[in-house]
Amino acid sequence: MEDTFHQLYEKYHHDLFQFLFYMVKSREQAEDLVQEVYIRVLKSYDRFEGRSSEKTWLISIARHVAIDWFRKQKTIRQRILERFEWDQHQIEDDGQPLPEEIAIQNEQIQWIYRALNACSIDQRAVIILRYIQEMSITETADVLGWSVSKVKTTQHRAIKQLQKQMINLTEKEGLSIEKTGVE
């Protein structure tokens, strides 16, 4: 089991980190969540039936870990709001990642990264799996436990949402569409 675990770690660590980084937009949090993925892998590897690839199985676990993290963050935020009578605007951030959280130097990818804020969690997952992890529609459907049709629909809506957000960002910041690559 130790050798198998080590092989899984070496082979898929980067893919898992990248997926989680794009989901949670924090290097430190993504690193923590990758560790949570591997804890779950250790606990459940004996139940892996091989009906999907190891990568598909691991990304599926990572997606569930990210969703659990989002739920926990929502609960924490809600408890803070209920406990204190703060004006909602004082505790909301502007949704922009901190400079140290942007690990990618390519300007187009940075724009897409920022535009992902406008997407739902499901849309974000599809975009990451299809275009960053370069999975096929079928592989994406397997990871998400969805039909191929649902992946295609979600992908279509996500792309429309990204395009809309990219146009909004370019108008807001006065940059040309050509520079951002939005068509």
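**Reasoning about rings and helices**

Colleague: Why is tryptophan 69 called buried?
Modeller: In this predicted model, its relative accessible area is 17%.

Colleague: How many aromatic pairs does a search of the whole structure find?
Modeller: It finds 7 aromatic pairs.

Colleague: What makes tyrosine 45 and tryptophan 57 an edge-to-face pair?
Modeller: Their centres are 5.8 Å apart, with 65° between the planes. Pairing needs centres within 6.5 Å, and edge-to-face needs planes over 60 degrees apart, so both conditions hold.

Colleague: Which parts does that pair tie together?
Modeller: Tyrosine 45 lies in the loop between helix H2 (27-44) and helix H3 (54-83), while tryptophan 57 is in helix H3, so the pair links parts 12 residues apart in sequence. Tryptophan 57 has a relative accessible area of 14% and is therefore buried.

Colleague: And what kind of pair do tryptophan 69 and phenylalanine 70 form?
Modeller: Edge-to-face, at 5.3 Å centre to centre and 65° between the planes. Phenylalanine 70 has 18% relative accessibility, so it counts as buried.

Colleague: How do you know that arginine 130 lies over the face of tyrosine 131?
Modeller: The distance from the ring centre is 5.7 Å, and the cut-off is within 6 Å, together with a limit on the angle to the ring normal.

Colleague: Which residues in H1 meet H6?
Modeller: Gln18, Phe19, Tyr22 and Met23 in H1 do, with partners in H6 including Ile128 and Leu129.

How values were computed:
Residues numbered from 1 in each chain as written. Predicted model: local features only at pLDDT ≥ 70, side-chain atom pairs only at ≥ 80, totals over all residues. Heavy atoms only, no water. Contact = heavy atoms within 4.5 Å. Helix = DSSP H or I, 4+ residues; strand = E, 2+ residues; numbered from the N terminus. Phe/Tyr/Trp six-rings, centres within 6.5 Å; stacked < 30°, edge-to-face > 60°. Buried < 20%, exposed > 50% of the residue type's maximum accessible area, 1.4 Å probe, protein only. Lys NZ or Arg CZ within 6 Å of the ring centre and 35° of its normal.
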